[in-house]
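Hi everyone, thanks for making time for this. I'd like to walk you through one chain, starting with how its residues are packed and ending with one local detail.

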Amino acid sequence: MDKVKVLSKWVSMFGMRVPITLEEKGVKYEYQEEDLAPNKSDLLLQMNSVYKKIPVLIHNGQPICESLIILQYIDEAWDYKQLLPINPYDRALARFWADFIDKKFFDSGFRIVWSKDKVEEGKRDMLENLQFLEGALKEMSAGGSLPFFGGKDFGFLDIAFIPFACWFHIYETIGNFKIPFDSEYPLLDAWVKRCLERDSVKKVLPSPDRALEHILQLRERYMVG
Ligand SMILES: N[C@@H](CCC(=O)N[C@@H](CS)C(=O)NCC(=O)O)C(=O)O
């Protein structure tokens, strides 16, 4: 019998990816919520001694770290429902855009939430990054005729990006701007709504208001001046 444990934090967009994936794959798991700085558990420090970050997946005692690597591991370790595309080019494309989300998209949001002097730059980049993702969704969903980045099936890239759906409200509130989803990013707008109807996503994503409240508290505690 497989023993699967997840170390994560409910509000983390990287963390949310792991339980969504396990839910989609029908894998039973134990979930351990981490308090993070300055209260990381001994288990987290031991299982991810390199980065000391969540999420970590522990499968039969063996740790796997880095959310996108964890997603790919889960896809390979459990057969039920393939999450990465089968075609090598489609796989490369899905990995490219997941990497873009972690580097470019996350970074634009980070500047909005955590910087003092790069908020405007973060907002501008976020709108441009969303334009790129709208284009990627168009390409990967056959012009919008299929429901997901994974084409007809909810897959790897859908899981990589959907946790950000509960962060859009945070970006908009802290950045004091509105992301024009319905006019500028109609495919992404419909895609978010569709994904939010899935059981796995509903189970894992917190409400945008709860996430916002938590992040505002963290900003008060950690942003000085
Ligand atoms: N590239 C990593 C990023 C993970 C990450 O940044 N985790 C944050 C929470 S969102 C964390 O554990 N922070 C604690 C710390 O940096 O001390 C992944 O995809 O898993």
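So, let's begin with burial: of the 225 residues in the chain, 51% are buried. Please keep in mind that this is a predicted model. For the complex, the predictor reports an ipTM of 0.98 and a pTM of 0.97.

Now the overall dimensions. How does the radius of gyration of the chain sit against that of a compact globule? A compact globule of 225 residues would come out near 17 Å, and the chain has 17 Å, so the two agree. Along the principal axes, the C-alpha atoms fill a box of roughly 50 × 50 × 25 Å. If we take contacts between residues at least 6 apart in sequence, 69% of them join residues at least 24 apart.

On to secondary structure: the chain has 11 helices and 4 strands. An unreviewed UniProt entry places a "GST C-terminal" domain at residues 87-212. That span is 70% helix and 0% strand, and its end C-alpha atoms lie 39 Å apart.

Finally, the local detail I promised. Strand β3, residues 56-59, pairs with strand β4, residues 62-65, in the antiparallel sense over 4 bridges. One of the residues involved is V56, whose bridge partner in β4 is C65. The hairpin has 2 residues between the strands, and there N60 takes a positive phi near 50 degrees.

Technical notes. Residues are numbered from 1 along each chain as its sequence is written. This is a predicted model: local features need pLDDT of at least 70, side-chain atom pairs count only at pLDDT 80 or more; totals for chains, interfaces and linings use all residues. Side-chain values use heavy atoms; hydrogens and water are left out. Two strands pair if DSSP finds at least two bridges between them. UniProt positions are given in the numbering used here, feature names are shortened, and annotations may be inferred rather than shown by experiment. The radius of gyration is taken over C-alpha atoms; the globule rule is 2.2 Å times the number of residues to the power 0.38. Buried means under 20% relative accessible area, exposed over 50%, partly exposed in between (1.4 Å probe, protein chains only). Contact means heavy atoms within 4.5 Å.
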